Amino acid sequence: MDPEVLIDYFPRYAEAFLLTVRLGFTGIFIAFVLGIVSAFFMHFKVPVLSQFFGGYIEVFRNTPLLVQLFFIYFGLPKIGIATSAEVCGAIGLGLLGGSYMAEGFRSGLDAVSVSQTESALALGMTGGQIFFNVIFPEAFTLSVPAIVANVIFLLKETSIFSAISLMDLMFTAKDLIGLYYNTTEALFLLVVFYIVMLIPVSVAGNLIERKVRYKMFGA
Amino acid sequence: MGFEVLLKGSNMARLLSGLGVALKISLISVLISIVLGVILGSIMTLKKPVITFISKFYLEFIRIMPQMVLLFLVFFGTTKALGISMSAETASVIVFSLWGTAEMSDLVRGALSGIPVIQYESSYSLGMTVGQTYIHVIIPQIIRRMLPLSINLVTRMIKTTSLVMMIGIVEVLKVGQQIIEANRKSSPNAAFGVYATVFILYFLVCWPISILSKYLEKKWES
């Protein structure tokens with residue numbers, strides 16, 4: 001391994017790293033919102049909306065992100081829905097993640113026992129108060145392990161962005177290998193940057209999981 | 001809308017055979033993963049420090065790395081570092097088996113260590129031999145715990161193998177690309193129809209499998 005090559009490549013990887021992280025977290029944010037909304041409709045069996053989101057969850061959970069991105073990026077423009085690669089990446093990741101997050105949140109909501117709602121009703125709380133002050137916090141706590149696993153999964157999935165020619169870490173590595181043939185250095189930096197991105201998230205996730213396990217209540 | 005391209009000539013058949021390529025790779029990898037995963041998972045329950053350390057390192061590394069990175073490491077890395085030139089198919093089977101084995105072994109370890117000691121002790125006190133205990137008591141319970149999760153692994157494997165087009169294997173997406181390129185003049189909107197079809201094909205393959213997995217999980221929950 002040639003240290004000079006590593007130094008030479010470093011800025012390009014750093015730039016790609018920032019893009020990956022930015023798109024990754026945008027996608028995860030979309031996934032979070034979408035997941036909570038769909039889990040809400042699914043859990044309370046809201047007519048029409050629960051069927052719609054149920055269908056969405058099944059479709060996106062059972063297809064690969066690569067295929068989803070190809071469809072959104074290359075297919076949709078043909079019927080007049082064109083977006084930039086960055087927006088596509090974030091939306092694609094958000095849609096995929098939303099379906100996984102929804103399952104996580106829903107199992108959390110389902111696990112909150114009925115007696116919690118009944119007790120809250122007996123205390124004279126309104127429907128909104130019960131959901132936001134009692135059910136949601138408990139369900140969220142119960143879903144933490146699933147959320148952590150999904151966040152890591154989604155950050156890993158960002159490597160697929162390279163397929164729609166976003167200059168992410170994967171694309172940079174492939175590009176550099178093709179241009180200069182310094183395969184070892186290019187792959188080494190690729191692994192290092194993914195470790196730098198994923199290990200802190202994984203460690204933080206473990207800490208949060210441990211913390212909420214002690215605070216578990218009402219389950 | 002571009003669906004008409006698929007009716008021309010043997011385009012649909014080509015697309016399906018592309019899907020077959022991806023499914024073949026996932027099937028081979030799943031079979032290897034199950035065998036190696038069961039072995040590794042059982043070894044991990046022995047709690048030997050060295051084995052625990054090595055298997056933990058292997059598990060963590062494989063699980064933290066995106067599969068695409070692993071694919072590149074094996075496909076391009078080995079060629080450069082070891083001078084072995086392997087086909088893209090071999091590289092992808094190796095990568096997906098490494099990944100599947102990691103996932104599978106963790107499931108096996110979890111299932112094995114989840115069985116309370118009482119189960120073994122009760123069987124022995126009933127006069128069963130070690131072999132009988134495993135065949136009649138332990139293994140049936142493990143299969144019930146493992147089967148839904150292993151079936152789930154199959155759908156994850158199928159979804160992951162779509163990545164092989166990135167190292168140049170001609171699978172369903174690549175065939176789709178070729179069809180779109182070849183018909184650029186006659187049907188400029190082919191991209192919509194072809195990619196929508198690929199999308200639907202993947203869904204039709206994975207959906208029944210995940211329904212089966214969910215059904216078994218519910219049935220054996222207790």
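Which side chains meet in a salt bridge with a distance of 3.2 Å from N to O? The side chains of Arg106(A) and Glu103(A) do, and the views below set this pair among its surroundings in a predicted model.

In this predicted model, local features need pLDDT of at least 70 and side-chain atom pairs count only at pLDDT 80 or more, whereas totals for chains, interfaces and linings use all residues. Residues are numbered from 1 along each chain as its sequence is written, chains are lettered from A and ligands numbered from 1 in the order in which they are written, and side-chain values use heavy atoms, with hydrogens and water left out.

**View 1. The elements of chain A.** The C-alpha trace of chain A spans about 70 × 45 × 25 Å along its principal axes. Of its 219 residues, 49% count as buried, where buried means under 20% relative accessible area, exposed over 50% and partly exposed in between, with a 1.4 Å probe and protein chains only.

**View 2. The interface of chain A and chain B.** Contact, meaning heavy atoms within 4.5 Å, joins 37 residues of chain A to 35 residues of chain B. The two chains bury about 3,400 Å² between them, 76% of it on carbon and sulfur atoms; buried area is the accessible area (1.4 Å probe) that two parts lose on being put together, summed over both. Between the chains there are seven residue pairs in polar contact, both residues being at pLDDT 80 or more; a polar contact is a pair of N or O atoms within 3.5 Å, and within protein one must be able to donate a hydrogen and the other to accept it, while residues adjacent in sequence count only if both atoms are side-chain atoms. On the side of chain A that touches chain B, the largest share, ten residues, comes from α8(A).

**View 3. Glu103(A) and its two partners.** A salt bridge is a side-chain nitrogen of Lys or Arg within 4 Å of a carboxyl oxygen of Asp or Glu. Arg106(A) and Glu103(A) both lie in helix α4 of chain A, three residues apart, about one turn of the helix. Glu103(A) counts as buried because its relative accessibility is 16%, whereas Arg106(A), at 24%, is partly exposed. Glu103(A) also forms a salt bridge with Lys214(B), the closest N and O atoms being 3.8 Å apart. This pair crosses between chains, from helix α4 of chain A to helix α8 (residues 190–219) of chain B.

**View 4. Glu103(B) and Arg63(B).** Within chain B, Glu103(B) forms a salt bridge with Arg63(B), and their closest N and O atoms are 3.3 Å apart. The pair links distant parts of the chain, with Glu103(B) in helix α4 and Arg63(B) in helix α2 (residues 49–64), 40 residues apart. Glu103(B) is buried, with a relative accessible area of 10%, and Arg63(B) is partly exposed, with 28%. Salt bridges that share partners join Arg63(B), Glu103(B), Asp106(B), Arg109(B) and Arg156(B) into one network.

**View 5. The surroundings of Ser92(B).** Ser92(B) lies in helix α4 (residues 88–113) of chain B and counts as buried because its relative accessibility is 0%. Leaving aside neighbours within four places in sequence, Ser92(B) is in contact with Ile25(B), Leu71(B), Val164(B), Ile167(B) and Ile169(B).

Definitions and conventions
Helices (H or I, at least four residues) and strands (E, at least two) are DSSP runs, numbered from the N terminus.
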